[in-house]
Amino acid sequence: MVANPAPDPMMLAGRPFPLGSHPEAGGVRFAVASSTAEAVEVCLLDNGQEKRVELTERTFGVWHGVVHGVLPGQQYGYRVHGPYDPARGLRHNPAKLLVDPYAKRITGALTNLEAALGYVDNAMTGPASTVDSLGSVPLSVVTSMGGPATGVKPEVPFEESVFYELHVRGYTKRHPDVPEHLRGTYLGLAHPSVVEHLVRLGVTAVELMPVHTFVDEPSLMTAGRHNYWGYSPLGFFAPYAGYASEPGREVEEFRTMVASLHAAGIEVIVDVVFNHTCESGFEGPTLSFRGLDAPAYYAHGDNGRGLDITGCGNTLDAGSPTVVRLVTDSLRYWAGELGVDGFRFDLASVLGRPGAGPFDPNAALLTAIACDPLLASCKLIAEPWDATGDGYRVGAFGVQWAEWNGRYRDTVRDFWRGAVGVRDLAYRLTGSSDLYSDDGRRPWASINFITAHDGFTLRDMVSYNDKHNEANGEDNRDGTNDNRSWNCGAEGETSDPAVLELRARQARNLMSSLLLSMGTPMITAGDEMWRTQDGNNNAYNQDNEMSWVDWSFDDAASSLLEFTERLVAIRAASPALRQPQFFDGRITPSGEPDLVWLRPDGAEMAETDWFDDDRRTLGVWIDGANCLSRTKSGELVSDHSWLIVLHAGGDPCSFTLPPAEFGPQFEPMLDSGTPDGTPVDQTPLASGASIQLPGRTTLLLRVPRSGG
């Protein structure tokens with residue numbers, strides 16, 4: 001190790017931007033931002049040997065220079081000299097080798113937590129650690145731009161989208177058709193058998209759980225556990241190497257995966273975590289941002305103490321120009337260079353809270369993302385909450401943002417378990433106009449979901465009243481207690497035929513509501529195949545068969561898959577069931593309003609009916625004569641008209657079909673009472689007829705438009 005690096009007389013100054021490492025001018029230009037550093041060294045690593053080169057040029061707070069003779073593949077890190085003064089938020093420590101925030105490849109892992117700590121004894125009052133972290137921390141790798149083509153972006157209209165949230169590793173780890181060395185990798189997801197399943201299911205976009213390079217939290221390392229989900233980011237440009245079949249080729253394999261999905265017409269949405277980093281609280285390791293310029297990256301309070309509104313120990317400061325630049329540069333790289341079609345922003349409320357203060361939908365970072373010419377054409381999806389009550393902002397983001405709609409999840413779960421009436425359900429079924437119409441957004445801004453990675457699977461939601469997280473090693477304290485689930489009469493696995501039939505019916509009801517609602521539906525991977533996590537609603541550290549998708553189909557899994565495929569196909573073929581505009585009571589060419597709510601007796605719902613909290617049955621008439629959906633050239637299209645009947649009561653119910661002015665006959669198209677959704681009797685029913693609904697049933701009936 002060189003204590004005092006000699007200046008390189010041949011070093012060129014280069015340019016400060018773009019940041020990162022870039023092969024050029026017979027070497028590599030390095031550029032890293034730190035407004036508080038007093039000196040910065042780029043450290044070139046070769047088989048454990050380190051060569052330090054001082055970056056003497058500083059422009060706009062960026063340290064930069066071109067180092068001759070360096071080639072792509074070179075491993076490197078930074079050592080930053082400057083004040084170590086925790087009371088001022090400054091934690092520079094040249095003993096700690098730092099990852100480049102802009103590295104496009106990161107290799108290695110955090111292997112010695114103690115060596116990575118920047119302090120001795122106490123993070124706020126102790127002295128700086130002199131232990132060198134080289135050999136114990138990840139390294140950056142110089143990477144050239146380019147690689148395999150990512151294909152033509154499908155550009156699926158939002159109103160036609162069906163999202164499918166999956167984990168790259170867990171989705172194919174048990175897939176029998178994927179070669180063993182490709183299971184759990186980017187190339188595993190690109191395998192023809194996997195893509196064929198996605199195409200057959202009918203989803204239009206996969207939403208990948210985090211694929212940025214991440215590092216296990218200190219608490220998990222200490223317990224000998226692993227962060228399976230990946231919500232602990234280190235590198236916002238570098239694809240996670242653990243999902244590559246061949247280490248070092250993660251960029252190429254990721255691009256190949258994108259191309260394979262694009263060729264099938266499937267978009268790629270990436271779950272991005274820009275609210276915190278893997279460095280945890282200030283008692284955590286110094287791996288990158290903290291040692292470079294902690295005040296420029298993290299929100300701080302009085303006396304240099306960090307602010308935590310993420311529940312993860314630290315909070316990236318959305319008001320910092322350094323963070324705004326980092327986030328937008330990262331997003332542009334993934335959208336432009338790696339072919340990604342959109343982003344789901346984890347704990348997105350943090351991005352609208354500069355300095356961890358009040359939420360502002362027009363905050364600098366949110367505005368910079370929405371106004372960027374490249375990013376504006378991407379699908380932008382907010383998880384509109386954080387770890388605080390003030391951060392729950394469903395419906396409060398700007399006009400270009402879609403949102404995970406937690407109100408939708410809670411209401412639909414409550415309705416089908418018999419806990420609420422139909423008043424709030426009506427908003428959720430029709431795109432949540434109460435949340436999104438007042439600011440000019442469309443129904444598709446509501447990302448509707450029943451389940452997600454965080455919480456019960458669909459099967460577990462109808463099989464457990466309580467969480468069962470003992471396997472996580474936290475004495476079942478972790479995970480939410482607000483599951484709004486119902487075990488249908490037995491907790492967990494059972495052989496009782498009546499309970500099993502009811503669970504399957506309830507799962508079909510929930511899936512029906514999801515795919516027959518206005519808005520953008522999101523299915524959680526494996527739900528359509530009856531996947532269970534044994535009642536674990538927080539399997540974040542379960543990198544095992546509990547979390548991996550099971551591709552061995554029994555009768556229950558096969559039936560639910562057929563049912564889901566049928567639902568998705570009906571939605572895709574029916575513009576009236578996925579309209580891009582909110583219903584407004586307009587009279588359509590058929591002479592009927594665009595939407596009518598019906599009581600079981602066939603009469604239209606009166607105002608007082610909405611306040612009957614014991615009401616468990618609702619009819620939804622959708623007139624398709626002028627549904628406001630359009631072709632790709634912009635022409636309006638018409639559709640059949642539809643009647644959706646939802647009955648969440650446990651007892652049978654008589655339902656009277658609408659009178660003749662709504663159509664001469666109603667064709668049964670879907671029945672949640674059968675395993676695959678095919679109605680037992682598909683004979684058209686006359687208008688005004690009375691039908692008998694079994695307990696807990698969804699029916700979909702069609703009125704053909706004139707001419708067929």
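This is a predicted model: local features need pLDDT of at least 70, side-chain atom pairs count only at pLDDT 80 or more; totals for chains, interfaces and linings use all residues.

Residues are numbered from 1 along each chain as its sequence is written, and side-chain values use heavy atoms, with hydrogens and water left out.

Helices (H or I, at least four residues) and strands (E, at least two) are DSSP runs, numbered from the N terminus. Strands pair if DSSP finds at least two bridges between them.

What does β17 pair with? Strand β16 (residues 267-272) pairs with β17 in the parallel sense over four bridges, and V270 has F343 as its bridge partner. On to strand β18 (residues 379-382): four bridges join β17 to β18, and the two run parallel. Here F343 has L380 as its bridge partner. From β17 the chain crosses through helix α9 (residues 364-371) to β18, a right-handed β-α-β crossover: with the strands pointing away from the viewer, the path from the first strand over the helix to the second runs clockwise.

**Helices α4 and α15**

Helix α4 (residues 192-201) packs against helix α15 (residues 555-573) at an angle of about 60°, with the axes 8 Å apart. Axes are lines fitted to C-alpha atoms, for helices over the stretch in contact, and angles run from 0 to 180 degrees between N-to-C directions. So α4 is oblique to α15; angles under 35 degrees count as roughly parallel, over 145 as roughly antiparallel, 65 to 115 as roughly perpendicular and the rest as oblique.
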